[in-house]
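Dear colleague,

Please find below the structure that I am handing over to you. My findings follow it, arranged so that they may be read alongside the model.

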There are 2 protein chains.
Amino acid sequence: MKTILSFDIGGTNIRAGLFSDESGKPSFTKKVKTTTPNRSALENIFSLIEEILSQYPSLDAISMAVPGSLDNKNGIIIKAPNVDGWKNVALRQIIADKFGIVPFIENDASMAAYGEWKHGAGKNHNYILYITISTGVGGAVIDNGHLLTGFRGLGTEKGHITIVEDGPLCSCGQKGHLEALASGPAIASYFRQRMVEGASSMLPSDPAPTAKKIAEAARQGDALAIEAFRQAGYYLGAGIANYLHIFNPSCIILGGGVSFSGNLLYEPFYESLKQHVLSEEYMVGLEIKYAQLGDEAGLIGAYQWSLDNS
Amino acid sequence: MKTILSFDIGGTNIRAGLFSDESGKPSFTKKVKTTTPNRSALENIFSLIEEILSQYPSLDAISMAVPGSLDNKNGIIIKAPNVDGWKNVALRQIIADKFGIVPFIENDASMAAYGEWKHGAGKNHNYILYITISTGVGGAVIDNGHLLTGFRGLGTEKGHITIVEDGPLCSCGQKGHLEALASGPAIASYFRQRMVEGASSMLPSDPAPTAKKIAEAARQGDALAIEAFRQAGYYLGAGIANYLHIFNPSCIILGGGVSFSGNLLYEPFYESLKQHVLSEEYMVGLEIKYAQLGDEAGLIGAYQWSLDNS
């Protein structure tokens, strides 16, 4: 058996996991803050590797799921503003130079999808559309067992498709993207806007409530909160209908914090999906599931990816 | 060398080609009308196969590019309204039963993309976005040499993504799809609508001009005709920007009759693409080319597909 050290590097936390059997379950995990008062993200990664190498000196591989824009051919993080402001960080080379092991470096959404495919919600499928809805909307696609990456590894921006030309401003600077219509901040922003317009809610308008608070209010029957989720679900359905036409998956996996809002989002999403799909043929044999691996999806995916590609 | 009989079955014509070397060039081609006064599409296909079998009794494979919704796992054409009203035609089984050769059956846009990849505009690329703009908007994607098909072979509907929620009606019954904004009929329909609104043009409004006529008028400086192409190019740019974010191709191949309108469409398309793309990273190393194989792309692709998959 191989011993693989896997990482999922996020803006807030770095998760590390050690895998030494084929169960897909780490024998050891550790979570640290990505940046700490005296240490950069890179220093925290180094220190985790050193700590684990001291106990397991014969690691077979290191694999890393990373956020932001990644040039996956060269293992260079082009831009990951949430991680220490990373820009053009040649992570593969840096790790290889320091530890003598050339790491696998892939996009975090792709690795989470890969983990869900091999060990989670997508186990019995070969055509998977994985969509995460949280601060952003992201995702990945597996077609007949092939993980799509694109020429330079940038093909994972599933939230950045125009649904409403000239719609609300997206985090990327464009308008009317799926992310600007269905993410957590999009829900909060719609809610706030309706409050400004004079709609009433049980929630105070100041400070502006988060999608999580809005979900709680919706569960207590707050009409405006329910409306905000209905709106997001509607656009999520329109966006995912596009993806059915493009990818014809057999399984949609919904992940990310906003997907935990359950039927609040799911019901309007599913209604809208059926309304937007161009033919019922796309619904034949289609399973829609929630992600099962939670916060460990990226870690588990990165481990499995390195195992399958080495 | 293998001898392969390839077909591209369309609503108007059936093209057949015989391939007996690896040049990608057919040694023999024949084009017949899909339906003739006394014969159905199937009868015309049978007769072409019989004719060729009489001269080349030892065919190694038959390969067919077919339009419409295809269940490619089972070789069943779910719906191809343009071909004799085909519905649930078990083409693979029908051919196998009649000729004792189990044919390859794939989607026509996928096969055209495959042909362009192996023998045409995409030769030096492995990440291809192929988009055809004619009566409809269709296409296919190759990611790291893998042709995307989807679970049941339905993942080729590149024209059916919502760009303008509640936009113009699409041929599929949905609204604001790329096809409803950038196809030939979309250009004609926009032009007609602007005439109804009182805009003037050198073209008579009755009968309503086709996209081809509009292109001719645009080349002669007709402002409304130019505007109609600018509009289509704008939405094509928005749609293809989505596809850059989803697929990150190294090569975009534009095919189909409307793409022959050259700079009329290309300039507004390219301007809009640059405007809609979320980061210049997606333009790095990107080549945008016109399709090179013309009407034979599907035929050549189907031949190469059968060669690579047998």
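**Findings**

K30(B) is partly exposed, because 13 other C-beta atoms lie within 10 Å; the cut-offs are 20 or more for a buried residue and 12 or fewer for an exposed one. Please note that this is a predicted model. K30(B) belongs to strand β3 (residues 28-33) of chain B. Beyond its neighbours within four places in sequence, K30(B) is in contact with A16(B) and L48(B).

**Chain A as a whole**

Chain A contains 9 helices and 13 strands. A compact globule of 310 residues would have a radius of gyration near 19 Å, and the 20 Å of chain A agrees with this. Along the principal axes, the C-alpha atoms of chain A fill a box of roughly 60 × 50 × 35 Å. Of the 310 residues in chain A, 53% are buried. Among contacts in chain A with a separation of 6 or more, 61% join residues 24 or more positions apart.

Two domains are assigned in chain A: domain 1 (4-112 + 296-308) and domain 2 (123-291). Their centres, taken over C-alpha atoms, are separated by 28 Å. To the contact between them, domain 1 of chain A contributes 10 residues and domain 2 of chain A contributes 13 residues. On the side of domain 1 of chain A that touches domain 2 of chain A, β5 (69-71) and α3 (108-119) each supply at least two residues. That side of domain 1 of chain A is made up of 4 nonpolar, 4 polar and 2 charged residues.

**The two chains together**

Chain B is superposed on chain A by a rotation of 180 degrees with 0.0 Å of shift along its axis, and the RMSD is 0.0 Å. The two copies are therefore related as by a two-fold rotation axis. Moreover, 100% of the interface residues of chain B are also interface residues in chain A, so the copies meet through the same surface.

**The nonpolar core**

In soluble globular proteins, nonpolar side chains tend to be buried together. Here the largest nonpolar core has 197 residues, and those that touch the most other members are M64(A), I128(A), A232(A), M64(B), I128(B) and A232(B). Setting aside neighbours within four places in sequence, I128(A) is in contact with A113(A), W117(A), G122(A), V141(A), I142(A), P249(A), C251(A) and I253(A).

S27(A) is placed in the loop between β2 (13-19) and β3 (28-33) of chain A. Is S27(A) buried or exposed? S27(A) counts as exposed, because it has 12 C-beta neighbours inside 10 Å and the limit for an exposed residue is 12 or fewer. Not counting residues up to four places away in sequence, S27(A) touches L18(A), F19(A) and S20(A). S27(A) and G17(A) are 10 residues apart along the chain, and their C-alpha atoms are separated by 7.4 Å.

Some points of backbone geometry also deserve mention.

- D166(A) is not a glycine, yet has a positive phi of about 65 degrees. D166(A) lies in the loop between β11 (146-147) and α4 (178-182) of chain A, and is exposed, with 8 other C-beta atoms within 10 Å.
- N88(B), which is not a glycine either, has a positive phi of about 50 degrees. N88(B) is part of strand β7 (residues 86-89) of chain B, and counts as exposed with 9 C-beta neighbours inside 10 Å.
- The peptide bond from D206(B) to P207(B) is cis, and its omega is near 0 degrees. P207(B) is located in the loop between α5 (184-196) and α6 (211-219) of chain B.

With kind regards

Note on methods:
Residues are numbered from 1 along each chain as its sequence is written. Chains are lettered from A and ligands numbered from 1 in the order in which they are written. This is a predicted model: local features need pLDDT of at least 70, side-chain atom pairs count only at pLDDT 80 or more; totals for chains, interfaces and linings use all residues. Domain bounds come from an automatic or database domain assignment. Two residues are in contact if their C-beta atoms, placed from the backbone, lie within 7 Å. Helices (H or I, at least four residues) and strands (E, at least two) are DSSP runs, numbered from the N terminus. Ala, Val, Leu, Ile, Met, Phe, Trp, Tyr, Cys and Pro count as nonpolar, Asp, Glu, Lys and Arg as charged, and the others, Gly among them, as polar. Copies are superposed by least squares on the C-alpha atoms of residues with pLDDT of at least 70 in both. The radius of gyration is taken over C-alpha atoms; the globule rule is 2.2 Å times the number of residues to the power 0.38. A nonpolar core is a set of buried Ala, Val, Leu, Ile, Met, Phe, Trp, Tyr and Cys residues joined through C-beta atoms within 7 Å.
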